[in-house]
Amino acid sequence: MTFWKGFLINLQFFTAVPINLTLPMDQVHLKKAVQAFPLLGLFQGFVYVAIFYVCQQMTSFSHLAVAFLLWLATILLTGGIHLDGWMDASDAYFSYQDREKRLEIMKDPRTGAFGVLSVLVLISCRFLFIYESTMNVTVSTYIFIVVIPFFSKAVMGVMLLTVKSAKQEGLGSMFQRAATPRALWPYPFYIIIVFFMIVMIDPDFLLIGMLSLVAAGCLIVFRRKAITWFGGISGDVLGASVEGMELILWMTVWLLHYFVIE
């Protein structure tokens, strides 16, 4: 029951799914929420796949319309919470100020020109990658749609508990205080189970292995840059990491369709 409440906390904080419950926000439940981050990603992935499948198989929508609805779902399901972090982190980074000034900029509720430009580039590129990557639908296409948010949420959890906090307030700090890196022990089991299921249903499972290597590489780079650019993580930095990770993974899928997938 505690783990289920932790998952509901994630839905309440990180999605637009209406959870009209008063959930406990103590250390035990927040720790379970962190442990359930990858499951939140799987939930998002299955929602995206359901939308894509229904639109692609059960309607007469054009491919452009189907890709647009999938792209729109990736924005609306999260309520834009990670896009907000992307914009704030972009404003802070492109200010080219010191760390303290960057943290002050991220706290500013106003969005600057760099934040607006960066989010336009992000969502435009994502649409391109989704549109071209879903033109020839295979089993791998559905798996890609599921695992991309799974990997991004797993990376969010690892960064949360293995990178120091840049400030002692905000959403990121609240979750970080509730757990230690040892709380990440379920993550390898999630990955093993997901890979086992993929091997059972998709002969091209090696492509997912390539995607996981890209995700691991992004994690290494994101951890270093979070410390170098911002002095650690914050809610905005984590949100930017999620958006950046998903963009890179969609770009990887897009490139695989050009150079690997026939």
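This report walks through the overall build of the protein and then a few of its residues.

## About the model

This is a predicted model, in which local features need pLDDT of at least 70, side-chain atom pairs count only at pLDDT 80 or more, and totals for chains, interfaces and linings use all residues. Residues are numbered from 1 along each chain as its sequence is written, and side-chain values use heavy atoms, with hydrogens and water left out.

## Overall build

Let's start with the fold. The protein has 12 helices and zero strands, where helices (H or I, at least four residues) and strands (E, at least two) are DSSP runs numbered from the N terminus. The radius of gyration is 18 Å, which agrees with the value near 18 Å for a compact globule of 262 residues; this radius is taken over C-alpha atoms, and the globule rule is 2.2 Å times the number of residues to the power 0.38. Along the principal axes, the C-alpha atoms fill a box of roughly 50 × 45 × 35 Å.

Of the 262 residues, 51% are buried (buried is under 20% relative accessible area, exposed over 50%, partly exposed in between, with a 1.4 Å probe and protein chains only). Among contacts with a separation of 6 or more, 79% join residues 24 or more positions apart; a contact means heavy atoms within 4.5 Å.

## Surface and charge

The accessible surface comes to about 12,700 Å², and carbon and sulfur atoms hold 68% of that area. These areas come from the Shrake-Rupley method with a 1.4 Å probe, and for residues only the protein chains shown count as cover.

The protein carries 17 positive and 16 negative charges, whose mean positions are 10 Å apart. Here Lys and Arg count as positive and Asp and Glu as negative, while His and the chain ends are not counted; each charge is placed at NZ of Lys, CZ of Arg, CG of Asp or CD of Glu.

## Aromatic pairs

There are 23 aromatic pairs in the structure. Rings of Phe, Tyr and Trp (its six-membered ring) pair if their centres lie within 6.5 Å, and planes under 30 degrees apart count as stacked, over 60 as edge-to-face and the rest as tilted. Tryptophan 4 and phenylalanine 7 are stacked, because their ring centres are 5.8 Å apart and their planes meet at 25 degrees. Both residues lie in helix 1 (residues 2-14), three residues apart, about one turn of the helix. Tryptophan 4 is partly exposed at 48% relative accessible area, while phenylalanine 7 is buried at 12%.

Tryptophan 254 and tyrosine 258 make an edge-to-face pair, with 5.5 Å centre to centre and 80 degrees between the planes. They sit four residues apart in helix 12 (residues 235-259), so about one helical turn separates them.

One aromatic cluster brings together Tyr93, Phe94, Tyr96, Phe114, Trp229 and Phe230. Tyrosine 96 sits in the loop between helix 5 (81-93) and helix 6 (99-107) and is exposed, at 56% relative accessibility. Its phi is near 55 degrees, a positive value in a residue other than glycine.

## Two buried residues

Serine 140, in helix 8 (residues 139-162), is buried at 3% relative accessibility. Beyond residues up to four places away in sequence, serine 140 touches Asp202, Asp204 and Leu207.

Valine 119 belongs to helix 7 (residues 113-133) and is buried too, at 12% relative accessibility. Setting aside neighbours within four places in sequence, valine 119 is in contact with Leu83, Trp86 and Met87.
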